[in-house]
Amino acid sequence: MDILEVIKSRHSIRKYKSTQIERSDLEKIIEAGLHAPNAGGRQGSIIIGVHDSKLTEAIGKLNIAKFDRSALLGSYVSHEQPSIIDDPNIKSGFYGAPCVCVIFGPEDFLYSTADAFCCAENMILEAHSIGISSCIIARGEETFDNPEGKKLLAQWEIPEGYIARCFVLLGYIDGKEPSLKPLREGRSKIIQ
């Protein structure tokens, strides 16, 4: 599959089987993230792969703990792959994904968030190319802003001054692939 086909056929998945992905696949996905573009060639992002479904579930609950749905009233994501925006009964921000990568970046670097999301994009494309479903999730900063979260950061030896920017959920889709959403018109122009 060429890269444009990978990009066009990938979907954000929010329903996962409990089957864990292979560690070798996780290593490839992390490697793709480490090769992402980054501001000034700084290579400041740190990727932690959580290859433990029980720990992933616990972190997913921390991720949603402070989520305020009221700020998103009227928003809608998907009927086929509902998000926490669509369904208030979802109790984990990680939707049952058995594996999650946490992408950290320097708190005081202007392009830290952009660098992290470039890592995440590379990772989801690599995951899709090897048959693994994925989804990028935000709310990194608030996920670890509690005693349990701080304990994990210490265990993982995350340097002082680093903050979680986003997550990449990884696993195998539970159900069928969602249908392709049509692209909205008027989102690009070429000026000559």
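Which residue in β4 is the bridge partner of Gly105? The bridge partner of Gly105 in β4 is Ile163. This is a predicted model, in which local features need pLDDT of at least 70 and side-chain atom pairs count only at pLDDT 80 or more, while totals for chains, interfaces and linings use all residues. Residues are numbered from 1 along each chain as its sequence is written, and side-chain values use heavy atoms, with hydrogens and water left out.

**Overall form**

- The protein has six helices and four strands, in the order α-α-β-α-β-α-β-α-α-β along the sequence. Helices (H or I, at least four residues) and strands (E, at least two) are DSSP runs, numbered from the N terminus.
- Along the principal axes, the C-alpha atoms fill a box of roughly 45 × 45 × 35 Å.
- Of the 192 residues, 43% count as buried, meaning under 20% relative accessible area with a 1.4 Å probe, protein chains only.
- Contacts (heavy atoms within 4.5 Å) with a separation of 6 or more come to 84% from residues 24 or more positions apart.

**Strands and their pairing**

- Two strands pair if DSSP finds at least two bridges between them.
- Strand β2 (residues 99–106) has eight of its eight residues buried, so β2 is largely enclosed by the rest of the structure.
- β2 pairs with β1 in the antiparallel sense over five bridges, and Ile47 stands opposite Ile103 in β2.
- β2 is also joined to β4 by eight bridges, again antiparallel.
- Strand β3 (residues 133–137) has four of its five residues buried, so β3 too is largely enclosed by the rest of the structure.
- β3 and β4 (residues 162–171) run antiparallel and are joined by five bridges; Cys135 stands opposite Leu169 in β4.

**Ser45**

- Ser45 is found in the loop between α2 (23–34) and β1 (46–50).
- Its relative accessible area is 18%, so Ser45 is buried.
- Beyond its neighbours within four places in sequence, Ser45 is in contact with Ile103, Phe104, Asp115, Ala116 and Cys119.
- Ser45 and Ser92 are 47 residues apart in sequence and 25 Å apart in space, C-alpha to C-alpha.

Methods: Buried means under 20% relative accessible area, exposed over 50%, partly exposed in between (1.4 Å probe, protein chains only).
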